[in-house]
Amino acid sequence: MEIAAVGRDDFVQGFKLVGVRKAIPATREDLEKKIGAVLDDADVGILVLDTADMKSLSNTMRRRLETVARPVVIGVGAKEDEDLRTKVKRAIGVDLFK
């Protein structure tokens with residue numbers, strides 16, 4: 001299982017420096033296309049996106065990111081998109097905090 005990061009070049013640079021092999025730079029124009037390719041990659045278990053980029057996605061892509069079981073999508077940046085409890089529940093299908 002691999003970690004992938006998709007976003008602006010300055011966003012993915014840090015992931016490249018720590019050894020993330022699938023650090024994919026994208027422009028606003030091709031962001032959804034590159035995210036779609038990562039979602040179709042069976043080797044990717046965690047997808048990291050900038051929360052600002054996530055807000056700029058189409059409703060269709062945001063809905064896909066919210067409903068896909070794998071990879072787990074994590075938004076990092078100024079404001080986190082959803083809480084850890086929701087992410088864990090979506091990833092494994094069980095609410096561990098009950």
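Biologist: Is the crossing of helices H2 and H4 left-handed or right-handed?

Modeller: In this model, which is predicted, helix H2 covers residues 31-39 and helix H4 covers residues 59-67. The two helices pack with their axes 11 Å apart and at an angle of about 25°. As for the hand of the crossing of H2 and H4, it is left-handed.

Biologist: Are H2 and H4 roughly parallel or roughly antiparallel to each other?

Modeller: Two packed helices are described by the angle between their axes and the distance between the axes. For H2 and H4 the angle is about 25°, and angles under 35 degrees count as roughly parallel. The relation of H2 to H4 is therefore roughly parallel.

Biologist: Which residues of H4 make the contact with H2?

Modeller: On the side of H2, the contact is made by Glu32, Ile35, Gly36 and Leu39. Their partners on the side of H4 are Met61, Arg64 and Leu65.

Biologist: Which residues does Arg64 touch, not counting those up to four places away in sequence?

Modeller: Arg64 is found in helix H4 and is partly exposed, because its relative accessible area is 34%. Its C-alpha atom is separated by 9.4 Å from that of Gly36, although Arg64 and Gly36 are 28 residues apart along the chain. With residues up to four places away in sequence not counted, Arg64 touches Gly36, Leu39 and Asp40.

Biologist: What is the distance in space between Asp41 and Ala4, C-alpha to C-alpha?

Modeller: Asp41 is found in the loop between H2 and strand E3, which spans residues 44-50, and at 22% relative accessibility Asp41 counts as partly exposed. Along the sequence Asp41 and Ala4 are 37 residues apart, whereas in space, C-alpha to C-alpha, the distance is 9.9 Å.

Biologist: Where is the place of Pro71?

Modeller: Most residues other than glycine have a negative phi, and most peptide bonds are trans. The bond that joins Arg70 and Pro71, however, is a cis peptide bond, with omega at about 10°. Pro71 itself has its place in the loop between H4 and strand E4 (72-76).

Biologist: How do the rings of Phe11 and Phe15 lie, and what kind of pair do they form?

Modeller: The structure holds one aromatic pair. Its ring centres, those of Phe11 and Phe15, are 5.3 Å apart, and the ring planes stand at 55°. Planes under 30 degrees apart count as stacked and those over 60 as edge-to-face, with the rest as tilted, so the pair of Phe11 and Phe15 is tilted.

Biologist: In which helix do Phe11 and Phe15 both lie?

Modeller: Phe11 and Phe15 are both buried. They are four residues apart, which is about one turn of the helix, and this helix, made up of residues 9-17, is H1.

Biologist: Which residues is Lys16 in contact with, leaving aside its neighbours within four places in sequence?

Modeller: Lys16 lies in helix H1, and it counts as partly exposed because its relative accessible area is 37%. Leaving aside the neighbours within four places in sequence, the contacts of Lys16 are Asp9, Ala23 and Pro25.

Biologist: Is Asp53 buried or exposed?

Modeller: Asp53 is found in helix H3, residues 51-55, and, not counting residues up to four places away in sequence, it touches Gly7, Arg8 and Leu31. Its relative accessible area is 5%, and a value under 20% is what buried means. Asp53 is therefore buried.

Biologist: Which residues does Ile24 touch, not counting residues up to four places away in sequence?

Modeller: Ile24 lies in strand E2, residues 22-25, and at 24% relative accessibility counts as partly exposed. Ile24 and Val38 are 14 residues apart in sequence and 9.2 Å apart in space, C-alpha to C-alpha. Residues up to four places away in sequence not being counted, Ile24 touches Ala5, Val6, Gly7, Val12, Lys34 and Val38.

Biologist: What pattern does the protein follow when read along the sequence?

Modeller: The secondary structure of the protein comes to five helices and four strands. Read along the sequence, these follow the pattern β-α-β-α-β-α-α-β-α.

Terms used
Residues are numbered from 1 along each chain as its sequence is written. This is a predicted model: local features need pLDDT of at least 70, side-chain atom pairs count only at pLDDT 80 or more; totals for chains, interfaces and linings use all residues. Side-chain values use heavy atoms; hydrogens and water are left out. Buried means under 20% relative accessible area, exposed over 50%, partly exposed in between (1.4 Å probe, protein chains only). Contact means heavy atoms within 4.5 Å. Rings of Phe, Tyr and Trp (its six-membered ring) pair if their centres lie within 6.5 Å; planes under 30 degrees apart count as stacked, over 60 as edge-to-face and the rest as tilted. Axes are lines fitted to C-alpha atoms, for helices over the stretch in contact, and angles run from 0 to 180 degrees between N-to-C directions. Angles under 35 degrees count as roughly parallel, over 145 as roughly antiparallel, 65 to 115 as roughly perpendicular and the rest as oblique. A crossing is left-handed if the near helix is turned anticlockwise from the far one by less than a right angle, and right-handed if clockwise.
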